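Hi everyone, and thanks for making time for this.

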Amino acid sequence: MKYAVITDVHSNVFALEAALKEIDKMRPDKIICLGDIVGNGFYPEETASMIRSRGDILCVKGNHDIFVTMDLKNFSEADPRLKVFRWQQKVLSSASKKFLSELPLTLRFKDGNFCVTAFHYPQTPKGRFKDMKYLPSKDDLLRLFGDQTGDVFFFGHEHTGSLGRIGNKYYLNFGTLGNFLHENEARFGFVEIDGNKVAYKPIIVQYDDSLAKKSTAKLNEILQGKYYK
């Protein structure tokens, strides 16, 4: 089967729209989103609505998706992200909150000779995301994924991305779709599994990110109290 894999959209509806146009041309069997649909950017409602309205994107929840649907009363006031979460809770519709809250943490299925596991990041036995490791080495991957079930892992969270293989196990993170890591670029992955073979490649779609950046700057002003308290 052929998979388009997106992750860490972070409320960038423009990057999402550009990526989905390209994905529709590629005609994968499945589109998988690895979480952090919302967070950081100015368009959480538009982004969540675009994903849920299509009905053909399998999603798991990321840490930002969890935070915007939880009770923030006990969240640390010292955490700089708290204002972002409160603002996003304010602008998200009830339908989008319900959609995000009901997403699973993990998708797991068979394809050919492989068990495919898709999640935002490896989790502890208690269901918490493990501490993030940037550009994980082979030893890092073994520590992160050694207690996880699967042969092909789709994951995100670490925005720079990393594509690794150890023996017959694959660890595929194609990097953030919408978090401005690369100027005017929306990034995702394309994976094909055929029996006992796995092929994968990163895809880069060009789009104009200027409006998304301006809107994010406006959000920073909102959080500083100019528009929102």
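This is a predicted model: local features need pLDDT of at least 70, side-chain atom pairs count only at pLDDT 80 or more; totals for chains, interfaces and linings use all residues.

Let's begin with a sheet of five strands. Going across, the order is β3-β2-β1-β9-β10, and the sheet is open with mixed pairing. Which strands stand at the edges? They are β3, residues 57-59, and β10, residues 197-206; each has a single partner strand, so one side of each is left without a neighbour in the sheet. Neighbouring strands here are turned by 25° against each other on average, ignoring direction.

Now look at one pair in that sheet. Strand β9, residues 185-194, runs antiparallel to β10, and 10 bridges join the two. If you'd like one to find on your screen, take D194, whose bridge partner in β10 is K197.

Helix α1, residues 13-26, lies across this sheet, over β1 (2-6), β2 (30-33), β3, β9 and β10. Relative to β9, helix α1 runs at about 30°.

On to another sheet. This one is also an open sheet of five strands with mixed pairing, and its order is β4-β5-β6-β8-β7. At its edges stand β4 (106-111) and β7 (162-166); because each has a single partner strand, one side of each is without a neighbour in the sheet. From one strand to the next, the twist averages 15°.

Strand β8, residues 169-173, runs antiparallel to β7, with five bridges between them. Here you can pick out G164, whose bridge partner in β8 is Y171. Helix α6, residues 138-145, packs on this sheet and touches β5 (114-119), β6 (152-154), β7 and β8. The direction of helix α6 makes about 80° with that of β7.

Last stop, the largest pocket. How much space lies in it? About 310 Å³. Its lining is made up of N63, I66, F67, M70, L105, G127, R128, F129, K130, D131 and H157. Sorted by class, that lining has five nonpolar, three polar and three charged residues.

Notes. Residues are numbered from 1 along each chain as its sequence is written. Side-chain values use heavy atoms; hydrogens and water are left out. On a 1 Å grid over the protein atoms alone, a cavity is a set of points where a 1.4 Å probe fits but cannot get out, and a pocket is an open set with protein on both sides within 12 Å along at least five of seven lines; lining residues have an atom within 4 Å of a point. Grid points are joined across faces, edges and corners, and a volume is the space filled by probe spheres set on the points. Ala, Val, Leu, Ile, Met, Phe, Trp, Tyr, Cys and Pro count as nonpolar, Asp, Glu, Lys and Arg as charged, and the others, Gly among them, as polar. Two strands pair if DSSP finds at least two bridges between them. Helices (H or I, at least four residues) and strands (E, at least two) are DSSP runs, numbered from the N terminus. Axes are lines fitted to C-alpha atoms, for helices over the stretch in contact, and angles run from 0 to 180 degrees between N-to-C directions. Contact means heavy atoms within 4.5 Å.
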